[in-house]
Every structure is written in structure tokens, then in C-alpha cells.
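Let's learn to read a protein model together, one feature at a time. Take a look at the sequence and structure first.

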Protein chains: 2
Amino acid sequence: MRIALVAPLAEAVPPKLYGGTERVVCWLAEELVRQGHKVTLFASGGSQTEADLVVCAPQSLRLAGIRDHIGSTLCMLREVRRRADEFDIIHFHVDLLPQALFHDLAHKCLTTLHGRLDQPDTLPLYEAYPEMPLVSISNAQRLPMPANANWLATISHGLPSHVCPFDLEGGDYLAFLGRISPEKRPDRAIEIAKRTGMSLKIAAKVDTADMAYFKAEIEPLLGHSFVEFLGEIDESQKCRFLGKARALLFPIDWPEPFGLVMIEAMSAGTPVIAWRKGSVPEVVTDHVCGVIVDSMEAAVTAVRETAMMSRAAVRAEFEARFTVGRMARNYVAAYRSLLARASSRTDFAAPPSPSTPAWEHPALRAASVNMVRSQASDHSQS
Amino acid sequence: MRIALVAPLAEAVPPKLYGGTERVVCWLAEELVRQGHKVTLFASGGSQTEADLVVCAPQSLRLAGIRDHIGSTLCMLREVRRRADEFDIIHFHVDLLPQALFHDLAHKCLTTLHGRLDQPDTLPLYEAYPEMPLVSISNAQRLPMPANANWLATISHGLPSHVCPFDLEGGDYLAFLGRISPEKRPDRAIEIAKRTGMSLKIAAKVDTADMAYFKAEIEPLLGHSFVEFLGEIDESQKCRFLGKARALLFPIDWPEPFGLVMIEAMSAGTPVIAWRKGSVPEVVTDHVCGVIVDSMEAAVTAVRETAMMSRAAVRAEFEARFTVGRMARNYVAAYRSLLARASSRTDFAAPPSPSTPAWEHPALRAASVNMVRSQASDHSQS
């Protein structure tokens, strides 16, 4: 199959440091090539891939200091559009813009939504442009979306087996990995360590936007002798960091759409203690590769339980459910079902327009009753 | 003529407080209706107009607390697209997205660019989508743009004669009106007042982004007895504020694309002392409706000169050059020239694609040599 993958330009593919989406696109591209497909990757300069690379920005937008990504992304999409006939399938990993620019090619296009979808800023867009087939990365991620969204599949992320090698022995600390931000709840991780008497290592970057939170809420807690703050670590350090942990703490307080770090830990054989939010129940097989909790007390108990879990069983679960091979096969099946659907329907390219304005969608109504009330009064004036 | 005007959704048309673009769109819509055209205005709820209003968001995005405008704007553009056949001309006042979404209708579309255009974030977009006819609001605004930009006209803003009524007497203070930000140089205004012994009134909002600058650089200067800080003022206060001033200070240090406040002051008969940047030499008729300066010394001298200027002559210059009637007639002429151009050319809808990637444009090269250098090395790797 001739497949175009369209990556975000924010980071190179693969990214040098942080950049979950670009890493997934990187792995998917390599695996699709390995499985015999002709893959073309649209991405920023500095990317390295086995696929045919089309450089759509001189370097990653982060390195170039470009903060507004719209212009660069629209440039890339024009090039994708120009070459659209060369591909059987065009698979977008950027959101919003392809919905508007490729809806007339929806019979051969799809978008994987990598982020949270409960934002009033962007929800109306999906209602207004319902043609584009969508892939969610967890079922939970779909909940806020309009009823007319054109779902093709839910496909969990996967990663190559060698990226986070299995570590039979593990280690004796609790691990927290990711970003320091209120919704990731590093404060809960510190509290768990305190209550269990375990040591905690935190490997996390602090974005500018989260610096005030870090200074006020987290930094004062880092003085405890049982906490070690490592800052941002790179890919190779990360494997060892996860592999040598007793358990990964994932005490989130937001609708996590997937949570790549959970399957990275599982790949290393390290069980996960995670709060029941977003994708967590779909990713963590409870009491096999970790424990799903709803409270601090349950989390403290879970630390003891994970200490007795079989790391081999955790890895086995990873291999059964979260390899890149499985992910790529899922995507190829989705591509085929899309093409089959298109060939059996003649009306696909022109579905009916939504009968009500996008912003009157029930999900938005429920989310912002006050907004809709003032909308009603605005209407009566206009 | 059947004309669609497509306004930003950030503010209502007209806006309640700040919102230069929405105010210009408001005036243009009213005047085109008055001149006998059938005008349809696409705008946010809360807008009030003599044109046919199509509400494209329940309320202004600012009031709704929506910070990412892309989704809502794309929703609006789908509605514009759906109704495109109803209009002879579609006139956009939002940038970037229409270039990508309407380039196949470029024979009847145009975009007025309201902002600064020297940003590496968005410049490649204009190179990649060169079809859309563009209107600049000053000639200076065009300078950073790619050579293949499809310029239709430069059309200065205009405003209705009654908005800032002529004040024959004026008053005895210097006025600074706008935003507190480093590029507006309120510090220069304070220095001018100090050196001339005149009192200065500052009517300006402070955006969150500029709060640190305000606290560090400007607030300490507000203690002087000759400075009065009024905060943000509304439309009716503004007229009196400008009309009762001896002169408006416009000591900018950035490529101002137009500077509406200059013609508002001129409408009131108040001369303008402005630094020679961006649009200033095109707006201020030097020594007639103000003085153009390059230094603090010249600005101090200019204060004495403006005290002797004829306020009636300033108003006359406004009436000759900056009324909304003139602006609307210019736009109608531009619409007609666009339609004539389209009817005389058959190849209009499909101009050649740019031969080099947008980001290789000389303007971008010059603007960021370092970026291009590392781009070259990225290329050799990929």
C-alpha cells in the first residue's frame, strides 16, 4: 500500500527529547516499511526514517523558535495535497487543519487524534467537518466528541520491543516520568513515597507554562531525603530509569488520552500504579501489569502489591498488546476498511451537512451552559 | 454588488472595547450598505450591523474564554464556503486560513491583512499559497512579504466622520492611547512630557503578556505629578480624550501596519507626533496634521510646533484622506478590478506552484540566517 504519514512539525521524527506524537509516528513509519508498504513521511528537517522523507520545514519548529505552527503546517498540507494522487492512504497526525483541507478526499484520508478532546476551543471544528475518518488512541478519549464524528477505530499506541528492554531484576525505587504539571500530580507521587517509606526518583521537564506551579507546589517538596529530582532525561537514560524502578507512579488527574509512559514501563517489566482516569483502565490490566487506584490509601497498598508482581508477566502483557507490530497491523486493517467502505459507497465524499450549528452540539451545551444561555440572548438581538 | 465580509471572531462587530480590525469591518459594512450594496457579515454573536448578519460563534471568542481561535474560524469558513455562490465578492478580514481554504475561488476572494507581516511563523504560508488577492493597509506593511504575493491594492483605513467629532478648541495635555507594550514605547511619551513640562494622560490597557513590562518599566514612571494613568477607556471617552489633547504622541518602535489612533486623533483635529516607523509617513502629512520625528530632541521641538498648528487643517486632511466613504469606494474599486481581472483571464484559478519551498524565500533567509544555515546541514543528513 502507498501510505503517506503526515507528522507534526513541532519536533523532528523521531524527536531529540520530549515529543510523544513524533515518536509514535517514527515507530509506525519504520514498522510499515518493514511490513512491506511504500511509506512517505511528511515531517520537519532533522527527521530520520526508513520511509521516503519529504522535508516540510527546514528544522523542527521548536528548534526554529516558531511558536505559531499554523503557517508551517498549512505549507506542509499544500505539498501533501499536491501529491495526493501518489498515495492510497493519507494518514494525518496533525489535527484540525486536515479536517478542513482534505474533507473532499475523506475516502482515502484519516486522522489519528493524539491529544485530549474535551476543549471547547476545538470541539465545534469536529462537528462542522464530520467527513474525515478519525482514529482514537483510547475509547475514553472519544467521550467529549460530537455524535457525528466519523470514527474508524480505536488503536492503542505500540512501541518496538527493543526500545525499553525487559529488565528482569528491576530495582527499589518508585519512578515518576513526564512533565511537571498540575494534571500529572507529582505531589501525589511524593506523598506515596512518603507514606510507604520508599525512595522516589522524578525525571521530568518543567515547561515555562508550569514553572510557577513547580516553584510554588513541587520544589518545596523536593527537600525530602527520599526524593531525587533528575530533570529532563533522554531516551537512553529513560530505559534504564524505568527498568530499574520497582513501579511507575502515574497519579494523573486529567483525561489522559493514552499515556505512552505506561507501556514503556510495561515493556521494561515495571508495573504501573495509576489513577483511574482517561485511558488508564484500557491500558493497565489490573493486578497483572499494575494496579488501578482511586485514592491515596489504595495507591499505598498498591505499592506493596506491585512489589510481588511478576515482571515477566508484565512484559508478556506488553508483548501481547502493545508492540509496534500490533499497532501497524491495526492501522493497515483500518486503512483497508476505509478503502473498502469508500468503494462500496458513492455518497462518501458528500455527506449531509450538520443540521445545527456546531456550537449547538449537546456536548458543548453541557460543558458550558452559561455560554449557551448568553448565545440565546445574543440571537434574539441579532 | 453582493459582498460577503468575513470578520475575526475574537470580538463582536463592533467590539465592546479594544479591537481595531472588528471596528474597521463594522464601519466598512455600514458604509457599503449605505452605498447600495448587499452586504452579508460573517461574525460572532453580539455583533450589530445594517448588513445581513451570519452568527458564526455564539459570542465573541474573548467573552467565551476561547483562546485558540482556529477551530471556530474553520467552522465559520465552512459556512462561508457553503454559501460562496451567493456572493460576487468574498472579503476576508481573517488571515492565513482563507489562503489555504479558498485559493480555488481566488477570482472572487480577497484578504485584507490587518497585522504586521514580518513574522517568520507565518511568512512561508503566503509564499505557499500565492493565489489569494491581498490588500495591504499601508505600503510599508508589504515590505517583508514574498515577491509572489498577489497584491491588489493598498487601502488606508477610514472612519466615519462622526466617530471622533472635530474639537476646534482642543486642550492642554499630551495624549498616549493604546496598549502598554515595549513596541508602543510609553516610556518615550513620559520622557517627552518631562522634557517639555507638559502634562501627559495615558489611556491604555495592559495585556497579561505585557504585565511584567508594565510593572518593571512603566509603573515606576507613573509617580511623576505630570503623568495621569487612566487605564482602558471606552469609545465615547476616547473621543473626548483625543479631542481635548494638544497632541497625540505615537512614539512607536515597531513596523506599525496602520495605526488607527492616528486618524482618530486627526478626525478630532488633534495633531500627531509620531516616530518614523511602518505606516507613519503614509498616514501623517508632515507639518500639516502632525510631525514625524526620529529622535527625542525632534519630538520635544515638535510639541512646540503642534501647539501652533491649525486644528481645522488637521481635520480637513482627515476628511480628504481618511473617511469611511473613501475607504469603501477604494474597496469597491478593488472588487471591480478583481472581477475584471478574473473575467479577462482563464488561468487565474490555477497559477503555477512556487518552484522553491516557501521557507527558502529570500526574506526568510535574510531574517534568520542562522536558521537557514542549520537547515542546510539538516538537509545533508536527510
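Q: What should I know about the model and its numbering before I start?

A: This is a predicted model, in which local features need pLDDT of at least 70 and side-chain atom pairs count only at pLDDT 80 or more, while totals for chains, interfaces and linings use all residues. Residues are numbered from 1 along each chain as its sequence is written, chains are lettered from A and ligands numbered from 1 in the order in which they are written, and side-chain values use heavy atoms, with hydrogens and water left out.

Q: How do I read a helix, and what span should H1(A) have?

A: Helices (H or I, at least four residues) and strands (E, at least two) are DSSP runs, numbered from the N terminus. The expected span of a helix is 1.5 Å times one less than its number of residues. Helix H1 of chain A, residues 20-34, has 15 residues and should therefore span 21 Å; its end C-alpha atoms are 21 Å apart, which agrees. After H1(A) comes Gly36(A), with a positive phi near 100°.

Q: Is H1(A) mostly covered or mostly open?

A: Relative accessible area tells you: buried means under 20%, exposed over 50%, and partly exposed in between (1.4 Å probe, protein chains only). H1(A) is mostly covered, with eleven of its 15 residues buried. Among them are Val24(A), Val25(A), Trp27(A) and Leu28(A).

Q: What do the buried residues of H1(A) pack against?

A: Here contact means heavy atoms within 4.5 Å. The buried residues of H1(A) pack against strands E1 (2-6), E2 (38-43) and E4 (89-92), and against helices H8 (235-243), H9 (260-267) and H13 (324-344), of chain A.

Q: At what angle do H9(A) and H12(A) pack?

A: Axes are lines fitted to C-alpha atoms, for helices over the stretch in contact, and angles run from 0 to 180 degrees between N-to-C directions. Angles under 35 degrees count as roughly parallel, over 145 as roughly antiparallel, 65 to 115 as roughly perpendicular and the rest as oblique. H9(A) and H12(A) (residues 311-321) pack at about 125°, with axes 7 Å apart. That angle makes H9(A) oblique to H12(A). Ile263(A), Met266(A) and Ser267(A) of H9(A) make the contact with Val314(A), Arg315(A), Glu317(A) and Phe318(A) of H12(A).

Q: Which classes do the residues of the contact of H9(A) with H12(A) divide into?

A: Ala, Val, Leu, Ile, Met, Phe, Trp, Tyr, Cys and Pro count as nonpolar, Asp, Glu, Lys and Arg as charged, and the others, Gly among them, as polar. This contact has four nonpolar, one polar and two charged residues.

Q: And in chain B, how many residues of H9(B) are buried?

A: Eight of the eight residues of H9(B) are buried. H9(B), residues 260-267, packs with H12(B), residues 311-321, at about 125°, with axes 7 Å apart. The two helices are therefore oblique to each other. Following H9(B) is Gly269(B), whose phi is positive, near 90°.

Q: Where does Thr40(B) lie, and is Thr40(B) buried or exposed?

A: Thr40(B) is part of strand E2 of chain B, residues 38-43. Its relative accessibility is 4%, so Thr40(B) counts as buried.

Q: Where is Gly197(B), and is Gly197(B) buried or exposed?

A: Look in the loop between helix H6 (186-196) and strand E9 (199-205) of chain B. At 65% relative accessibility, Gly197(B) counts as exposed. Gly197(B) and Phe226(B) are 29 residues apart in sequence, and their C-alpha atoms are 7.8 Å apart in space.

Q: Which phi value does His287(B) have?

A: The phi of His287(B) is near 70°, a positive value in a residue other than glycine. His287(B) lies in the loop between helix H10 (280-283) and strand E13 (290-293) of chain B. With 48% relative accessibility, His287(B) counts as partly exposed.
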